Amino acid sequence: MNQSFNGNYRYQVGGALGEDIPSYVTRAADHQFYQALQAQEFCYVLNSRQMGKSSLMVRTLARLKSEGWAGIVLDFSAKDSQVEQAERWYNGIINQLSRDFGLLDNTRTRTWLKERDFLSPVERLEEFIETVLLPGISQRIVIFIDEIDSTLNLPFTDDFFALIRACYNKRAGNSDYKRLTFALLGVAAPAELISDKKRTPFNIGQAIDLKGFKLEEAQPLVHGLVAKAENPQALLPEILKWTGGQPFLTQRLCQLVVDNSALILSGKEVESTEKLARTYLIENWESQDEQEHLKTIRNRLLNNEQKAGYLLELYRQIRQAGKLKFQNTSEERELQLSGLVVKRDDYLTLYNPIYEQVFNEQWIDTELGKLRPYAENFRAWVASGGKDESRLLRGQALEDAKQWSSNKNLSYQDQQFLAASEGKEIQEEIAAKQQEAALERERQDREAVEARNQLLSEANRKAKRRISVGVVVLVITVLAAVTVGIDSARKLEVANSEIQEANKRVDSANSQVDEARKSLGEAKENERKAKESAEQAKNQEQQAKESEKSAKQKAIEADEVARQAQQQAKTSKDSASKFKQEAARARQDLNTAKDQELKILAKLTAKENELKQTSAKNEYTKAEVTNVRELVALAGQLRNQSSSDSDEALRLAASSFNIDNHKLKQALLLSAKSQAYQRLKDWSNAKDEIQNSQSYLPKADQTILNSSQGLQVQVLVYKTHGDLLAQNKQNQPAIKSYSKAFEILKRHPNETDFTQDNQLLTGENIESVYRSLKELKPQDKEVETSLTQHLYAQLKYFLKAKNWEAADRETDKLMLNIAKRERDGWINLGQMNSFSCPDLQRINDLWVKGSDNRFGFSVQKEIWISTGNRLGIQPYEWTDRDESNYLEFAKRVGWYSDREQEGQSRGGEEESSWVSYNEIIKGIKDKPNGFAGAVPGAVLPRAGWFRSSLALRMAKCNI
């Protein structure tokens with residue numbers, strides 16, 4: 001804290017300004033705050049740092065005390081923000097209230113606390129206010145709570161702010177509470193005070209708008225400038241122009257004027273003020289920012305890596321446009337709380353020129369470059385108006401960017417850039433596949449033609465060779481025949497002279513003619529064979545054509561493959577752009593998990609930021625951060641095969657942030673990793689992780705192990721170990737491990753109650769322990785009873801939450817458990833007729849009470865009877881009249897819709913009119929007063945004879 005003296009006048013830079021500081025500037029908020037508290041209104045002053053909140057609080061408290069009020073300040077920044085137990089935190093508040101108001105001495109305070117250690121911490125504080133504080137002080141009481149943002153990361157302060165709201169609501173029934181007023185101050189938004197979305201938000205009190213100094217308000221500052229400026233009244237507006245009236249900067253610039261040795265001459269106010277601002281505030285600001293005002297703004301913008309990029313781009317938009325319409329988004333509120341921008345006339349604008357020049361375009365680009373792994377390409381692409389496709393990412397660079405962006409709150413241009421990169425890569429993949437398909441077709445066509453030509457050539461060659469042989473044989477035979485004819489003529493002339501010898505030679509000639517004819521027949525046979533060879537050649541040519549046809553078919557198939565690849569690529573491309581197609585449809589199923597991953601990774605970033613600032617627990621925190629990141633990665637792998645297993649891994653990763661003890665946290669994370677590896681069937685890593693997890697438990701203090709968190713972590717570790725052993729058929733060791741978890745659940749029901757807020761154990765975890773142990777020890781009645789009671793507890797939990805679908809499915813599980821039909825998965829008539837009356841009554845009572853008489857077996861029974869249905873009808877007794885009455889019942893409870901038109905259009909199929917289970921559940925949600933009697937049992941058999949049997953059993957059980 002720096003003070004500047006000018007005679008009796010002082011400027012104060014930083015810290016709260018006391019009553020004796022003349023440079024205090026009274027603003028409209030001073031009057032508004034005082035008047036609201038005087039009227040005993042609850043108030044909150046929530047603004048950026050160094051806006052004068054603490055000074056306003058100090059002055060207002062002093063003024064109220066002077067008028068007879070009793071009041072104190074609870075400074076939460078002075079409390080241990082790393083405290084492990086809510087009890088210590090609340091006891092510290094009680095102790096300060098008692099001490100500062102002079103209610104009890106230390107000994108009596110400790111005794112009072114010890115006598116009420118059976119109460120929860122917040123209940124203890126509530127009783128202290130009602131039985132000690134209010135009766136002990138007769139005046140009006142005001143409690144200022146400063147630095148409330150110090151509590152936002154604590155896991156138990158929702159109850160504290162809910163208690164403050166309860167004190168306000170109690171005014172209606174207890175007039176003493178009208179004397180008690182709270183005022184909250186800090187850097188936060190009202191919605192952040194109660195983080196549990198299931199609870200009513202912090203919605204009471206009057207907001208005090210703490211604005212910067214206006215010229216007429218800032219006149220007290222002129223007195224200190226008199227000795228340093230010839231015309232101080234002309235100098236003050238120049239100071240306010242540079243600071244925008246920001247209290248800290250205004251006091252700081254005034255101090256710089258006073259500390260400057262030179263007198264500011266009249267007419268030189270603009271030049272002199274600018275020189276001081278540039279020299280001591282803007283240039284080399286990081287080395288001159290002694291009070292870390294500007295560094296605080298910078299850190300507020302950048303400390304959350306998931307949001308930093310978006311905040312910087314939002315700030316750039318405001319900076320370039322001059323102002324931006326206020327939409328009340330969480331990012332806009334975060335930017336306001338940084339102090340960098342301010343809301344004026346429903347527009348966001350830069351607070352002052354100093355901020356504008358310190359946090360300039362170059363600074364934005366530098367910080368974004370540190371955040372983006374693709375900063376250089378991104379800036380070049382944006383500069384080209386999004387037209388320079390050479391700057392788009394590809395291959396591993398794109399994969400790295402997508403992985404980096406998966407848990408970031410990206411700006412619009414970032415999302416456009418990544419979508420364009422992904423689309424371009426898909427286009428190139430399509431082109432490559434098309435080219436590959438074209439080359440494959442060309443190759444296959446070429447091979448087919450070559451094969452055809454080769455076959456034709458071979459066939460022609462063989463045919464010509466065979467034909468040539470046949471022709472030669474034929475010619476030789478004909479020549480032989482001609483020669484024989486000439487010889488016969490010559491011998492005939494001799495025969496004229498020798499008649500007796502002629503007859504013999506004629507016979508010989510006839511014989512030779514026969515041989516010639518035989519040779520001629522052989523020649524013809526050869527000619528026939530040649531023709532057959534030619535026919536074979538034709539067949540081979542036909543086969544070649546068939547081969548060509550086959551090759552063409554393969555080419556067509558290749559075209560189809562390419563077309564399918566193109567279609568798949570087109571589908572991928574269509575789903576790539578979040579702004580043209582609103583992201584990939586496949587990714588929509590992961591939105592919930594990604595939101596949870598964002599929260600987990602945001603907390604991881606906060607942890608890593610702690611590492612940069614602290615060293616005492618560096619190694620511990622590093623190990624925790626590593627395990628959480630690995631668990632989140634395993635959840636991503638599990639998403640492809642089981643969303644429930646993936647969600648469980650993410651849930652445990654998120655829950656680990658609620659554990660402060662390092663050993664306990666490590667045991668939980670390692671156990672969760674082992675469970676994930678088991679689901680992925682990576683038995684080696686599963687074994688290593690559970691062994692590592694178990695090694696941490698003996699190292700933890702017994703007090704920690706006996707705490708609620710410690711007991712729950714032990715249950716999860718023993719359960720995971722039992723699962724691994726059971727998978728490996730090591731039944732006896734598995735029973736031993738499950739039994740340890742079972743004993744903890746049995747002996748510590750309150751500490752392991754899954755229905756409480758922020759529990760590590762879920763109902764499914766506990767049910768898994770009971771079922772796994774029952775599977776291995778089927779004769780153990782204690783385990784069987786525990787499972788049944790747990791199913792009742794889950795049913796009650798779902799009904800209280802109005803989760804009708806989950807309650808209906810839980811009822812199904814519970815009834816199968818009671819009837820001992822879990823393996824079969826259904827209940828037959830005999831078992832329904834002998835179903836336990838006390839259990840049926842208990843289930844029905846839970847439903848009727850939980851739904852305000854809207855649902856329940858008894859509600860169904862009344863509708864059953866009112867629609868003319870009979871009780872206890874056997875299947876063989878079922879008539880058309882029974883069918884008609886049953887359909888009327890089904891219509892009344894919403895199971896059947898009279899859609900005759902639709903049934904006819906589908907060929908009269910009767911089942912077309914039965915309403916699906918999902919439609920029933922949707923109808924229950926959409927029509928709060930409709931679907932009476934639709935549940936429980938919508939998942940049970942809908943057959944009329946079964947419902948008749950159930951109704952009869954209800955009657956026999958007097959339900």
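This is a predicted model: local features need pLDDT of at least 70, side-chain atom pairs count only at pLDDT 80 or more; totals for chains, interfaces and linings use all residues.
Residues are numbered from 1 along each chain as its sequence is written, and side-chain values use heavy atoms, with hydrogens and water left out.

User: How are H8 and H9 oriented to each other?
Analyst: Helices (H or I, at least four residues) are DSSP runs numbered from the N terminus. The axes of H8 (residues 247-259) and H9 (residues 269-282) come within 10 Å and cross at roughly 105°; axes are lines fitted to C-alpha atoms over the stretch in contact, and angles run from 0 to 180 degrees between N-to-C directions. Angles of 65 to 115 degrees count as roughly perpendicular. H8 and H9 are therefore roughly perpendicular.

User: Is leucine 745 buried or exposed?
Analyst: Leucine 745 lies in helix H28 (residues 731-747). Buried means under 20% relative accessible area and exposed over 50%, with a 1.4 Å probe and protein chains only. Because its relative accessibility is 6%, leucine 745 counts as buried.

User: Which residue takes a positive phi just after H35?
Analyst: Helix H35 (residues 880-893) has 14 residues and reaches 20 Å from its first C-alpha to its last, close to the 20 Å expected at 1.5 Å a residue; the expected span is 1.5 Å times one less than the number of residues. Its buried residues include Tyr886, Phe889 and Val893. Just after H35, a positive phi of about 90° is taken by glycine 894.

Conventions. Helices (H or I, at least four residues) and strands (E, at least two) are DSSP runs, numbered from the N terminus. Angles under 35 degrees count as roughly parallel, over 145 as roughly antiparallel, 65 to 115 as roughly perpendicular and the rest as oblique.
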